[in-house]
Amino acid sequence: MKIGPVRENRPAGIVLRDLGKHFPGAPLPAVAGVTIDIREGEFVCVVGASGCGKSTVLRMVAGFESATAGDVLVDGEPVTGPGPDRGVVFQDYGLFPWLTVRENVAYGPRQARLPRSFVAARTAEAVEAVGLTRVAGSFPHQLSGGMQQRVAIARVLANKPAVLLMDEPFGALDALTRSDMQHELRRIHRDAGVTVVFVTHSIEEAVYLADRVVVMAGGSAHGNAGHVREIVDVDLEGDRDPTSPEFNAIERRIDALVHAGNAAVA
Ligand SMILES: Nc1ncnc2c1ncn2[C@@H]1O[C@H](COP(=O)(O)OP(=O)(O)OP(=O)(O)O)[C@@H](O)[C@H]1O
Ligand SMILES: [Mg+2]
């Protein structure tokens, strides 16, 4: 049987239209008026001070939280709950400790009741895509944090998602592992042809990874709802060099936007 590329589905566009979330009992909405149009295959990072609603927005796209205002459309369809078209990766890896790497990755395709040979092929591809073939028989506790995070990524790739939603996935990794993972993720994004929405506290990470960076601001600590402050194009060609003047200029601009959001209410 021929093993194709990790993804067969095409990446999906995501439309957030005047999206809002008001948690029951909260005096203010957590987020309001979020409008973002994400192209198929685009890599979008979301930054902003703690509490401005980054995770809430991501969770609404994932379908873990329902919107209380506006719409979320993935591939033109309203999101009504979680689905295998949207793979979600968090900071804590959420692996099954009693399953091997291979079994963790096979979990989704098995749940989808794909034929056994198909499950095996997809699993092998996804494990290969994150460079873990040699440790496929190991258990999560035998792996480093970076390797565990790779397993978490392989696990969602095995479902051939149209969209990858990542909430501070590299936040717990040491600096060296983190920069390796950023490099890997750019390659996976290129090869797998998937739309990525990636939340991070690191502006450098956002500028390294993203086609566009959504800067959010506000939140209850500021007496208003979290909202989009600005969307910045990362207009850098080819391999990105975090020490280059062009890179630093974009970083400084985003940093000023993030902090302007706080100063406005200080
Ligand atoms: N399940 C919930 N119930 C009530 N309020 C919530 C819930 N989840 C989030 N909030 C509130 O919504 C606001 C936005 O939270 P969110 O976690 O989205 O922020 P964030 O930008 O991801 O912050 P951080 O950078 O710290 O992760 C906060 O005021 C938070 O307290
Ligand atoms: Mg968060």
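In the predicted model, a polar side-chain atom of His201 is placed 2.9 Å from an oxygen atom of ligand 1, a polar contact in the sense of a pair of N or O atoms within 3.5 Å (within protein, one must be able to donate a hydrogen and the other to accept it, and residues adjacent in sequence count only if both atoms are side-chain atoms). Backbone atoms also approach the ligand: a backbone N or O atom of Gly53 is 3.0 Å from an oxygen atom of ligand 1, and for a polar backbone atom of Cys52 the distance to a ligand oxygen is 3.3 Å. Ligand 1 taken alone exposes 640 Å², of which the protein buries 61% (Shrake-Rupley method, 1.4 Å probe; for residues, only the protein chains shown count as cover).

The residues around ligand 1 are Phe23, Ala30, Ser50, Gly51, Cys52, Gly53, Lys54, Ser55, Thr56, Glu168, His201 and Ser220, a residue being near if one of its heavy atoms lies within 4 Å. This shell comprises three nonpolar, seven polar and two charged residues; Ala, Val, Leu, Ile, Met, Phe, Trp, Tyr, Cys and Pro count as nonpolar, Asp, Glu, Lys and Arg as charged, and the others, Gly among them, as polar.

Two cavities of 30 Å³ or more were counted. A cavity is a set of points, on a 1 Å grid over the protein atoms alone, where a 1.4 Å probe fits but cannot get out, and lining residues have an atom within 4 Å of a point. Points are joined across faces, edges and corners, and the volume is the space filled by probe spheres set on them.

The largest cavity holds about 80 Å³. Its lining consists of Leu16, Ile36, Ile38, Val44, Val46, Lys54, Val57, Leu58, Val61, Val197, Val199 and Met216. Strands E2 (31–38), E3 (43–47) and E8 (195–199) and helix H1 (54–62) each give two or more residues to this lining (DSSP runs numbered from the N terminus; helices, H or I, at least four residues; strands, E, at least two). H1 supplies the largest share, four residues. By class, the lining has 11 nonpolar, no polar and one charged residues.

The second largest cavity, of about 40 Å³, is lined by Val130, Arg150, Ile153, Met181, Glu184, Leu185 and Ile188. Five lining residues are nonpolar, none polar and two charged.

Residues are numbered from 1 along each chain as its sequence is written, with chains lettered from A and ligands numbered from 1 in the order in which they are written. Local features need pLDDT of at least 70 and side-chain atom pairs count only at pLDDT 80 or more, while totals for chains, interfaces and linings use all residues; side-chain values use heavy atoms, with hydrogens and water left out.

Definitions and conventions
1 Å grid on protein atoms, 1.4 Å probe; cavity = no way out; pocket = protein on both sides within 12 Å on 5 of 7 lines; lining within 4 Å.
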